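Student: Hi! Could you walk me through this protein?
Tutor: Happy to, let's take a look together.

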Amino acid sequence: MKSISANCATGASVPAIASGRVRQRYRECENDPEIQVYLTKLKDLVPFMAKDRKMSKLEVIRNAIDYICELQNTLADADVQQQAGKMQESLI
């Protein structure tokens, strides 16, 4: 399999897997009930996840990664604004 990386705007890198063959052993793990529990939990935790249609495991993971990147960007923006506010207060 080819390995690629997905990058967030904050510069964080998330390893991803490009399309390729998956060995039988890994396919069996995909149907593991524990994995299904975690995927369901991700669907519940991530807002704007489609609840009216079945989503593939890959879609769930991509949406979770996108949401985490958005949260990182929001936190980074909040830190910048907070620091700018502190600088303005020190100038006054």
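**Salt bridge and helix packing**

Student: How many salt bridges does a search of the whole structure find?
Tutor: The search finds 1 salt bridge, meaning a side-chain nitrogen of Lys or Arg within 4 Å of a carboxyl oxygen of Asp or Glu. This is a predicted model, where local features need pLDDT of at least 70, side-chain atom pairs count only at pLDDT 80 or more, and totals for chains, interfaces and linings use all residues. Residues are numbered from 1 along each chain as its sequence is written, and side-chain values use heavy atoms, leaving out hydrogens and water.

Student: Which side chains meet in it?
Tutor: Glutamate 59 and arginine 53, at 3.2 Å from N to O. Side chains of opposite charge can pair when their charged atoms come close.

Student: New topic: what pattern does the protein follow along the sequence?
Tutor: It reads β-β-α-α-α. Helices (H or I, at least four residues) and strands (E, at least two) are DSSP runs, numbered from the N terminus.

Student: And which residues of H2 meet H3?
Tutor: Gln36, Leu39, Leu42, Lys43 and Leu45 of H2 do, where contact means heavy atoms within 4.5 Å. Their partners in H3 are Lys57, Val60, Ile61, Ala64 and Tyr67.
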